[in-house]
Amino acid sequence: MRIYKAKDYDEMSRKAANIISAQVILKPDCVLGLATGSTPIGTYKKLIEWYEKGDLDFSEVTSVNLDEYKGLDKENDQSYYYFMHTNFFNYVNISPDSINLPNGMEPDSDKECARYDEVIRSVGGVDLQLLGLGHNGHIGFNEPAEEFKKGTHCVDLQASTIEANARFFASMDEVPKQAYTMGIRTIMSAKKILVVVSGADKAGIVKKAFTGPVTPHVPASLLQMHSDVTVVGDAAALSELDI
Ligand code: GLP
């Protein structure tokens with residue numbers, strides 16, 4: 001596991017965007033596993049900036065997103081479909097046909113999870129997976145549990161996750177209680193993984209996840225077993241690590 005300490009959010013975003021750029025330049029037809037949340041927004045901004053300068057070309061890239069709320073449609077401004085389009089896809093030349101997310105409007109969980117696993121399989125797996133980190137150690141929406149869930153699954157969100165995400169909704173009642181998420185096996189099968197973390201409120205979970213025991217109670221801890229993980233964090237998020 002490589003850990004890069006950036007001085008602040010802007011430097012973290014630039015470093016993460018540099019790593020994604022390197023992937024796209026070295027393999028223009030790569031599969032990018034993408035993430036939502038507030039942390040990667042700056043990374044997407046940098047990628048858009050460099051695309052506009054002519055330094056990056058996404059025309060051959062395929063994307064697969066980590067997760068989506070169950071029950072939110074594409075037009076809902078809190079759906080991850082909406083987030084990805086308004087924070088990234090609408091501003092670069094990725095082909096709409098090459099963009100993949102779980103379909104939050106499919107009520108049949110078994111059907112949607114099987115479909116999404118097949119999408120990931122059919123594109124040949126993920127070359128570079130971008131991840132944020134939840135305060136409880138979740139990655140995607142793989143919540144702390146007694147066991148690691150392997151493939152795409154429908155998850156009941158934990159109270160702490162619903163609370164953390166309530167800031168984006170008009171009221172707590174509007175926050176979806178379930179989501180579709182890529183499973184841990186899929187995430188661990190990515191050839192490379194890039195984790196972005198920012199802010200003092202993540203310092204405790206960063207320490208637990210990356211230096212503590214590997215356990216499904218802290219899903220991100222399993223990343224310690226992956227052979228090519230890069231963590232890019234700002235000084236506040238990495239403040240409890242001995243680096
Ligand atoms: C959500 C997403 C995760 C994300 C997490 C952290 O729960 N499903 O993929 O990593 O939030 O979000 P933030 O970056 O806003 O702290």
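Helix H1 buries Met12, Ser13, Ala16, Ala17, Ile20, Ser21, Gln23 and Val24, where buried means under 20% relative accessible area with a 1.4 Å probe and protein chains only. The model is predicted: local features need pLDDT of at least 70 and side-chain atom pairs count only at pLDDT 80 or more, while totals for chains, interfaces and linings use all residues. Residues are numbered from 1 along each chain as its sequence is written, and side-chain values use heavy atoms, with hydrogens and water left out.

The buried residues of H1 pack against strands E1 (2–6), E2 (31–34), E6 (128–131), E9 (192–197) and E10 (229–234), and against helix H2 (41–53); contact here means heavy atoms within 4.5 Å. Helix H1 covers residues 9–26, and its 18 residues should span 26 Å at 1.5 Å a residue; the end C-alpha atoms are 26 Å apart, so expectation and model agree. That expected span is 1.5 Å times one less than the number of residues.

The protein chain as a whole contains 7 helices and 10 strands, which are DSSP runs numbered from the N terminus (helices H or I, at least four residues; strands E, at least two). Along the principal axes, the C-alpha atoms fill a box of roughly 40 × 40 × 35 Å. Of the 243 residues, 54% count as buried. Among contacts between residues at least 6 apart in sequence, 79% join residues at least 24 apart.

Methionine 84 lies in helix H3 (residues 80–87) and counts as buried because its relative accessibility is 0%. Beyond its neighbours within four places in sequence, methionine 84 is in contact with Leu34, Ala35, Thr36, Tyr44, Asn65, Phe89 and Leu101. Proline 28 is 56 residues from methionine 84 in sequence, and their C-alpha atoms are 20 Å apart in space.

Serine 98 belongs to the loop between H3 and strand E5 (99–100). With a relative accessible area of 16%, serine 98 is also buried. Residues up to four places away in sequence aside, serine 98 touches Val61, Thr62 and Ser63.

Conventions:
Buried means under 20% relative accessible area, exposed over 50%, partly exposed in between (1.4 Å probe, protein chains only).
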